[in-house]
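Work through these exercises with the sequence and the 3D view side by side. Try each task before you read its solution.

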Number of protein chains: 2
Amino acid sequence: MTMRVPPGVTPSTFSAALEQFEKAVGRNWVFTSDDDMETYRDSYSPFWHEQADRIPSAAVAPDSVEQVQAVVRIANAYGIPLWTISTGKNLAYGGSSPALSGSVVCDLKRMDRIVEVNDKNHYALVEPGVSYFDLYRYIQEHRLRVWIDPPDPGWGSPVGNSLERGGGRTPMGDHFASVCGLEVVLASGEVMRTGMGALPGAQTWQQYKYGFGPYVDGLFSQSNFGIITKMGVWLMPEPEAYREGRVSVPKHDDLVPFVDTLSYLMNSHIVRGTMLLESPVLGYRQSQGGSVLDLPGGPSIAETEAIGREKNLAYWSMLLHFWGPPRVIDAQWEYTKEKFRAIPGASFQDGRAYGFPVELGETDNVQRVYLGIPNLSVFALIAGGQGHMDFSPIIPMTGEAVFEVLKVFGSAYAEMGVPPKNQFFALPWTFFPRSFVLLFGLPVTHNIEQNRENRKVFQRLVEVAAQHGWGEYRTHVAFMDLVRSVYSWNHHALGRLHETIKDAVDPNGILSPGKSGIWPRQLRRSRA
Amino acid sequence: MTMRVPPGVTPSTFSAALEQFEKAVGRNWVFTSDDDMETYRDSYSPFWHEQADRIPSAAVAPDSVEQVQAVVRIANAYGIPLWTISTGKNLAYGGSSPALSGSVVCDLKRMDRIVEVNDKNHYALVEPGVSYFDLYRYIQEHRLRVWIDPPDPGWGSPVGNSLERGGGRTPMGDHFASVCGLEVVLASGEVMRTGMGALPGAQTWQQYKYGFGPYVDGLFSQSNFGIITKMGVWLMPEPEAYREGRVSVPKHDDLVPFVDTLSYLMNSHIVRGTMLLESPVLGYRQSQGGSVLDLPGGPSIAETEAIGREKNLAYWSMLLHFWGPPRVIDAQWEYTKEKFRAIPGASFQDGRAYGFPVELGETDNVQRVYLGIPNLSVFALIAGGQGHMDFSPIIPMTGEAVFEVLKVFGSAYAEMGVPPKNQFFALPWTFFPRSFVLLFGLPVTHNIEQNRENRKVFQRLVEVAAQHGWGEYRTHVAFMDLVRSVYSWNHHALGRLHETIKDAVDPNGILSPGKSGIWPRQLRRSRA
């Protein structure tokens, strides 16, 4: 077997670096074998079995802040690119594979300490290797009255998911918004604390975000400017109760007042948490071989509404969620119905209701993420183990924007000649306040030709979205350069600021080269 | 009269720069006269009539992004420090006076365009010269159903107050948390848009904060890294109703469960907005010549509780605020009472209630900021036009922390020999989620000796707070170096990151030198 090496690094230099890594973290925690590298590949790679697939050259797993500092210093001395991961899988967004093939994965899974969970002020301080499962178990074992907000699936980490700016389902679903205080190992090997953590003996590191002077935490999200070794995360006090209610409206054009009402209720904090817009009639149309999208020459609105009347299917529908004291959430649901009743034909259905702490059986058919319980049930939705790569643009929270999306992506798929059964799409979610996000996966297969086709489709979707002013909130490692390229206002002014900061804080460019499309100076030159 | 010049700039160079400024913005918008400079002095300067008082050398008032770019390019070419202000007064935090005497004030008051107010998704896009009054009037004139969250007083600007991370009283009181999308002129003179604004033709610049890649908005708060020329700000949908309710508890130790309950209710979003902890019995003790603080040798808890019983005064009390549909806020208030009833002797009082839109008479005794109405009534509280400098540390949201604060500051004042009548202090506010902030002013007078004494007291309070892990969220221009100096974890690691970024994005150090204690490289050397 030939030794894999990072680009531009000689085998002898790399051997010397690996030896230093072993001294820093212990022999057992530096990995170089083919079998080990397999575990760091992207299981859902759209480049599966192609030359372009991203594969690390080695992995190093430090167990402490001091070991992370040592690893970074060695990487600086030997010019080794480090691709840092926490724990979990990051499936659909590139797994643990680096943007630059040959990078050494800096795997923080061993740093799994739960430093503190506070159920008076409702926060936790955790290391990157702590998974949502770990944190949930800790809270249960200590009988603390706080909820986490798990993404699906629950094997990810609060640190990884929050720094990727992922989302969950409860009122604390905007994960980056719940970050309070970071400990960061900088590319220099120095350790820094942000916010109130910059005050020695700080009493409010996890209670106040901003500290004094420029607030830098956002710099370390979707970023390669530092390695996070501790993170504060705000938790939700355990609510007394949860209930669901469904709202449905009959007509296509009802979506405009429907979303206006939703926006009013969400921005007034009467409706909270994450919801998915559904269309029973478009779902039916799809089940009959049609498309959810608005295809050129496809069925008219009137025809689709007629199907709805005939089959008794709403045009639009949404399951709403309420957390809090029973009398408050009952009042919120009553008021919600009152507001939606302004739309003629609106109908309502009470949903499940629970008090807490709740005892659930294994077979209870409930989306546990809404109850703050991490799980892996999302995998039941994925047929045959096929992977996917997620496309996730942000669009305005208006009915008009949804109509435009259905038309624009419908036309784009039609122009590409993609048949309806392969027109992957999902109606918008409310993962973040004040906007919708579309979120759907294009398949990743073990067929090279098909993967190439799907990559082309993905690229086209990104371009078409950008032409309409819609941009991805996050993307797969394979598409980071592409997505970055469309955020180009004034000759990529924001991207150039990112590069200026990158060069200043990581002059040797050792931290996660290519993350979010940000390359260090020497690699920008060679790629240009 | 001698010409004032920025430090290190010759009069002839400065004259040439002023000529260029005049070409860029028009002769009428460059100011150099003594009378003009008076208007940019800090009206509440603790250095009044002392050599150390900060006075600008000139002011320049651009009217457009292009003019700001031109001003920045000229400043770079001639080495002129620019101290940027928006509009309003920033009283108690340094007014419009620069940290570096002789800086040229870059006054953005002319940039007062309200680009957009959206009452479907509830946001505004404004320039820095737009005041809270301006935005409120615009909303009223256009009959839009949104509320602003004004600070007191209302002549400040959303841009200035939000970037200083100020606070208001409604559920949207954490002003920086409502920022969504910036347009920034960088020190290079280039203009950049953050978040989704980096996408040409962006449809969600004011609806989604983070964009793609590192999220940089926080970098431009309490900062000298760029000049903001447009800012998105989230607004609150006009609620149907508002009501108040007061909770009081009789005993000293009741504060612990009182704050735990408050924390639970706030973090559950059942109680929202900004509240002040009050103590009727400590207020009475103060009115009798005693102190609110816990002084060494002062009255015991038992003695103070006895006064409370005798005078029928609660030990602790708080006015809570509710915004929303009547049935929801009634349920929230009922639930709130139920939770506080767990404290023996807790009592409750219904407060004012309004439906919206509300018609208020000039004399209605209501704190209009809670109704989203900007005003200047706060000045009625200030006796004899005396100024003040605000001390505002963040402390934990626990009863124990309040007890410690009363003791620590009591001892500090006693050690300094400050008599009770000059022991300025206020109980904590809830301007920000998950923590308390103390907020009280030390007087600024026209007596140089007294100002010197008060500066010493201020300095001592900052030091004592830092020794206990409490740090200021914001400070007066005169104390920025001091406050920065206590945020020193790991040899000022965060401060050094700030400096690294400053040097990279503003290599000539022309933007607001000394802001938040961040000095450009050449001035760091001369100051060290």
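**Exercise 1. Find a salt bridge between the chains, then describe the whole interface.**

Step 1. Go to A:Arg496 and B:Glu190. Their side chains meet in a salt bridge, 2.7 Å from N to O. The rule asks for a side-chain nitrogen of Lys or Arg within 4 Å of a carboxyl oxygen of Asp or Glu. Across the interface of chain B and chain A, this rule finds six salt bridges.

Step 2. Know your model. It is predicted: local features need pLDDT of at least 70, side-chain atom pairs count only at pLDDT 80 or more, and totals for chains, interfaces and linings use all residues. Residues are numbered from 1 along each chain as its sequence is written, chains are lettered from A and ligands numbered from 1 in the order in which they are written, and side-chain values use heavy atoms, with hydrogens and water left out.

Step 3. Count the contacts (heavy atoms within 4.5 Å). Chain B brings 101 residues, and they touch 101 residues of chain A.

Step 4. Give the area. The size of an interface is often given as the accessible area lost when the parts come together. Here buried area is the accessible area (1.4 Å probe) that two parts lose on being put together, summed over both. Chain B and chain A bury about 8,500 Å² between them, and carbon and sulfur atoms give 63% of this. B:Phe212, B:Arg434 and B:Trp489 supply 12% of the area that chain B buries against chain A, more than any other three residues.

Step 5. Count the polar contacts. Such a contact is a pair of N or O atoms within 3.5 Å; within protein, one must be able to donate a hydrogen and the other to accept it, and residues adjacent in sequence count only if both atoms are side-chain atoms. Between chain B and chain A, 50 residue pairs qualify, both residues at pLDDT 80 or more.

Step 6. Name the elements. Helices (H or I, at least four residues) and strands (E, at least two) are DSSP runs, numbered from the N terminus. Several give two or more residues to the side of chain B that touches chain A, including α6 (255–267), α9 (326–340) and α13 (489–505) of chain B. The most come from α13(B), with 11 residues.

Step 7. Sort that side of chain B by residue type. It has 51 nonpolar, 31 polar and 19 charged residues. Ala, Val, Leu, Ile, Met, Phe, Trp, Tyr, Cys and Pro count as nonpolar, Asp, Glu, Lys and Arg as charged, and the others, Gly among them, as polar.

**Exercise 2. Which strands stand at the edges of the four-stranded sheet in chain A?**

Step 1. Write the order. The open sheet runs β1-β2-β4-β3 in chain A, with mixed pairing. Two strands pair if DSSP finds at least two bridges between them.

Step 2. Read off the ends. β1 (30–31) and β3 (82–85) of chain A each have a single partner strand, so one side of each has no neighbour in the sheet.

Step 3. Follow one pair. β3(A) and β4 (residues 104–107) of chain A pair in the parallel sense over four bridges. A:Thr84 stands opposite A:Cys106 in β4(A).

**Exercise 3. Find the backbone exceptions.**

Step 1. Recall the rule. Most residues other than glycine have a negative phi, and most peptide bonds are trans.

Step 2. Look at B:Asp152 and B:Pro153. The peptide bond between them is cis, with omega near 0°. B:Pro153 sits in the loop between β7 (146–147) and α5 (158–163) of chain B.

Step 3. Look at A:His49. Its phi is positive, about 70°, although it is not a glycine.
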